[in-house]
Amino acid sequence: MTKRLYYNSSEIYEFDSVIQDVVPASPEHPCPAVVLKETAFYPTSGGQVHDTGWLLLDGSECLRVAEVADAEDGRVVHYLEAPARLPVAGASVHGRIDAERRRDHMQQHSGQHVLSAAFIELYQMPTVSFHMGEDYCSLDLATPTVSSEQIAGAERLANQIVFENRPVRIRYVSRAEAEKLGLRKLPPAERDELRLIEVADFDVSACGGTHVSASGQIGSILLRKTEKVRQGTRVEFVCGERAVRMARRDYIALSEAAALFSAQLWDVPEQIRKSVEESKQVRRQKDGVLDELAEVMALAALHNQPETNGRKIVVRVFSDRDIGFAKLFAQKVTRTATSAIALVASTVDPAGIVFAQSPGGPADMGGLLKQVLSSVGGRGGGSRDFAQGGVPAGSHVNVEQLLRQAAGTIEA
Ligand SMILES: [Zn+2]
């Protein structure tokens, strides 16, 4: 088993050790790895993400530790980023942990202890799991719902514990002793000795992770989104510098939104509500105007079109109005006159063709459209009274000519 230096102090960022074993790259693990006699590198476990850092060999060679994992036999495996040549067992190394990354993990992980205890203390909501992501962390509470008041309440208490800068101690006790202490969380019965993390007079839990030594180092705890999950409710949060970074990002986004509205930050939601309502109204007005326009244009088209065999065939290609308007125009033509056919198209992207006749008319629009389009490789179809389709994108078909050809077929 590797001796774990972080067990007794989370603030060891540099250490000396000896390489015990070298594991060459394999199909399972494309990176080679080393096992050390002792290490301060934390391997991924208990929701906390692994450390990264460097191993300096005698001379000047520097190996990058990209990932650290727990092996089943109790050894800590350090995966290396493609070294020029593999070190050998027995060589001395000087380990250096990426301290900034470790401190961030300590802030997030210790913050989780405090937050989980706050949810228990205030609302008897136990934490069932914890996840540390690149951007934010989350914990799952065994409860179907958490109200926004409860979120604010837990955040307030957790930050109060931070501000009081309570000592965070590591101690080892027997299982029997631990059972008497009333731990927030007792691990499954595997080991006789348990490592306890105690936030003075607030929380005691068994944990193998790295933690701050006083709650003030957590900096601050900011709760964010909640979400329903299978095992309860997920609460997203960030601690320490992440909380500041995220608040800054939110502020920039909100400021940009406020500037667009020439409003104060806190007026943005109201401005958005107003704006959404206005655009709905404008859309309704626009729809009304287009409907009237289509009707007037349909009337004019019918007026100008002479009758052939007791009906009027209106052919029209719109290059400045979309297919929605073309359809509206066709409907107006065929519903205004008792016996009319509208063969219309729009060349505005996405282009399309609509064939329509007054309800119950003698022609077959679906059949006619299919027939006309098949000659140019287009697709479309519909019922006897209404059909729509289009020519292949990018083809240079003369749509007006196509419509005239369809009109000729009906007249014949
Ligand atoms: Zn912990």
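Helices (H or I, at least four residues) and strands (E, at least two) are taken here as DSSP runs and numbered from the N terminus. With that settled, keep in mind that this is a predicted model.

## Two positive-phi residues

Serine 262 sits in the loop between helix 4 (240-261) and helix 5 (268-304). Its phi is positive, about 50°, although serine 262 is not a glycine. The residue is exposed, at 71% relative accessible area.

Glutamine 124 does something along those lines in the loop between helix 1 and strand 9 (127-132). Here phi is about 55°, again positive in a residue that is not a glycine. Glutamine 124 counts as exposed too, with 59% relative accessibility.

## The zinc site

Which atoms hold the zinc ion? The protein donors are NE2 of His109, NE2 of His113, SG of Cys207 and NE2 of His211, and they lie 1.9 to 2.1 Å from the metal. The angles among these four donor atoms run from 97 to 124°, and the site is tetrahedral. For reference, four tetrahedral donors would ideally give 109.5 degrees.

Along the chain, the donor residues follow the spacing H-x3-H-x93-C-x3-H. Histidine 109 belongs to helix 1 (residues 99-123), while histidine 211 is in the loop between strand 13 (203-206) and strand 14 (221-229), so this pair ties together parts 102 residues apart in sequence.

## Arginine 102

Leaving aside residues up to four places away in sequence, arginine 102 touches Tyr6, Ser10, Ile12, Tyr13, Ala40, Tyr42, Asp51, Ile97 and Thr210.

Helix 7 buries Met365, Gly366, Leu368, Leu369, Val372 and Leu373. They cover an arc of only 165° around the axis, so they end up on the same side of helix 7. The face turned away from that buried side carries the exposed residues Lys370 and Ser374. As for partners, the buried residues of helix 7 pack against strand 17, strand 18, strand 19 (379-382), strand 20 (386-390) and helix 8. Aspartate 364 caps the N-terminal end, with a side-chain oxygen 3.3 Å from the backbone nitrogen of glycine 366.

Helix 8 (residues 399-411) has 13 residues and spans 19 Å from its first C-alpha to its last, close to the expected 18 Å. Its buried residues are Val399, Leu402, Leu403, Ala406, Ala407 and Ile410. Their arc around the axis is only 140°, which puts them on the same side of helix 8. The buried residues of helix 8 pack against strand 16 (312-318), strand 17 (340-346), strand 18 (352-357) and helix 7 (365-374). At the start of helix 8, a side-chain oxygen of asparagine 398 comes to within 3.1 Å of the backbone nitrogen of glutamate 400.

The loop between strand 17 and strand 18 contains proline 350.

Aspartate 73 is in the loop between strand 6 (62-70) and strand 7 (76-80), and it counts as partly exposed at 46% relative accessibility. Its side chain reaches the backbone nitrogen of arginine 75 at 3.1 Å. Aspartate 73 and methionine 1 are 72 residues apart in sequence, with their C-alpha atoms 6.8 Å apart in space.

Terms used
Residues are numbered from 1 along each chain as its sequence is written. This is a predicted model: local features need pLDDT of at least 70, side-chain atom pairs count only at pLDDT 80 or more; totals for chains, interfaces and linings use all residues. Side-chain values use heavy atoms; hydrogens and water are left out. Donors are N, O and S atoms within 2.8 Å of the metal (3.2 Å for Na, K and Ca); water is not among the atoms, so sites may look incomplete. Four donors count as tetrahedral if all angles lie between 85 and 135 degrees; four count as square planar and six as octahedral if opposite donors are over 155 degrees apart and all others between 65 and 115; anything else is irregular. The expected span of a helix is 1.5 Å times one less than its number of residues. Buried means under 20% relative accessible area, exposed over 50%, partly exposed in between (1.4 Å probe, protein chains only). The arc is that of the directions from the helix axis to the C-beta atoms. Contact means heavy atoms within 4.5 Å. A polar contact is a pair of N or O atoms within 3.5 Å; within protein, one must be able to donate a hydrogen and the other to accept it, and residues adjacent in sequence count only if both atoms are side-chain atoms.
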